[in-house]
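Have the sequence and the 3D view open as you read.

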Amino acid sequence: MTLTDLANPTRFLALTTRILPWLAGATAILLAIGLYQSAMAPDDYQQGATVKIMFIHVPNAWLSMFVWGVMSVAALGTLVWRHPLADVAAKAAAPIGAAFTFLALVTGSLWGRPMWGTYWEWDARLTSVLILFLMYLGLMALWRAVEDPSRAARAAAVLTLVGAINIPIIKFSVDWWNTLHQPASVFRAGGSTLDKAFLWPLLVMAIAFSLLFITLHLAAMRNEILRRRVRSLQMMQASRTSEARTGLRDVTASKEIGAA
Amino acid sequence: MSLGPYASFIVTSYALVTAVVLLLIIWIIADYRHQQARLKEIEASGVTRRSGRSAADIR
């Protein structure tokens with residue numbers, strides 16, 4: 001199967017049916033390994049056991065940005081290549097991205113209270129992630145508000161690409177502004193500052209959450225394709241009903257003319 | 001494994017992530033079953049795809 005074959009929704013559905021059980025299994029195994037390693041990780045010399053929140057906060061925070069990146073590529077697919085699955089991919093990713101962003105915000109807040117002494121601070125990193133969460137909700141509302149799917153797809157694609165400006169702002173906010181949030185400690189010039197005892201569980205959890213996203217995204221795309229099939233069949237059903245009514249009216253009218 | 005004085009923050013974080021991920025999984029499975037049921041219902045009323053294939057058949 002080539003990449004262009006996947007442009008066909010029927011072939012895409014067949015592929016997802018085959019690979020989803022394997023992806024779900026791999027996700028469950030990696031999550032179990034990651035959770036075990038997180039539980040066994042030592043306490044931090046400053047933060048104590050609260051460092052364990054990092055193993056779920058950081059993967060969710062990475063995915064909140066990654067999912068918007070996936071949606072931005074899909075938006076290009078909608079606007080430039082008019083790929084039939086591009087809007088399906090973007091629409092299916094939005095609620096999952098919103099959930100990851102919500103979790104990043106809440107787990108960050110629960111980590112911040114014991115470490116910073118506050119649940120929330122209007123600093124650049126926290127505020128830009130909150131804006132990302134609101135943009136996810138706005139996009140989901142837009143898809144629901146516009147009834148014509150092709151018009152909704154184009155409007156959502158433009159909004160997604162405009163919103164993509166926020167991603168580098170989130171990433172570099174800790175370098176550009178003086179924030180309460182710590183600077184990057186894993187992906188940075190000069191290598192990670194994390195000890196291997198924390199880095200390995202974090203990387204395993206990050207891969208596990210990424211696999212979780214891929215699994216949920218493919219399943220949600222499958223649902224979206226089926227939803228569009230339902231819509232097109234309902235439209236066929238409605239047009240047949242209206243044709244049948246028109247035909248019946250014509251027959252009745254010709255009978256009335258005949259009787260007259 | 002001792003979670004120290006901030007155990008409630010750690011446990012709440014993990015419980016919340018578990019709950020939200022489970023909700024996502026349940027929502028996606030329920031949505032899939034709902035769409036399949038709607039497709040079968042419409043096809044039972046005699047409306048089929050132009051290809052003649054069942055819309056609910058995804059294999």
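**From one methionine to the core**

Setting aside residues up to four places away in sequence, Met71(A) touches Ala90(A), Ala93(A), Ala94(A), Gly97(A) and Thr160(A); contact here requires C-beta atoms, placed from the backbone, within 7 Å. Please keep in mind that this is a predicted model, where local features need pLDDT of at least 70, side-chain atom pairs count only at pLDDT 80 or more, and totals for chains, interfaces and linings use all residues. Residues are numbered from 1 along each chain as its sequence is written, while chains are lettered from A and ligands numbered from 1 in the order in which they are written.

Met71(A) is also among the residues with the most contacts inside the largest nonpolar core, which has 67 residues. Such a core joins buried Ala, Val, Leu, Ile, Met, Phe, Trp, Tyr and Cys residues through C-beta atoms within 7 Å, buried meaning 20 or more other C-beta atoms within 10 Å of a residue's own. The elements giving it two or more residues include α3 (86-116) and α4 (124-145) of chain A and α1 (7-44) of chain B; helices are DSSP runs (H or I, at least four residues), numbered from the N terminus. The largest share, 18 residues, comes from α7(A).

Now look at α3(A) and α4(A), which pack at about 150 degrees with axes 9 Å apart. They are therefore roughly antiparallel to each other (an angle over 145 degrees).

Finally, the contact between the chains takes 34 residues from chain A and 27 from chain B.

Technical notes: A residue is buried if 20 or more other C-beta atoms lie within 10 Å of its own, exposed if 12 or fewer, and partly exposed in between; C-beta atoms are placed from the backbone. Two residues are in contact if their C-beta atoms, placed from the backbone, lie within 7 Å. Axes are lines fitted to C-alpha atoms, for helices over the stretch in contact, and angles run from 0 to 180 degrees between N-to-C directions. Angles under 35 degrees count as roughly parallel, over 145 as roughly antiparallel, 65 to 115 as roughly perpendicular and the rest as oblique.
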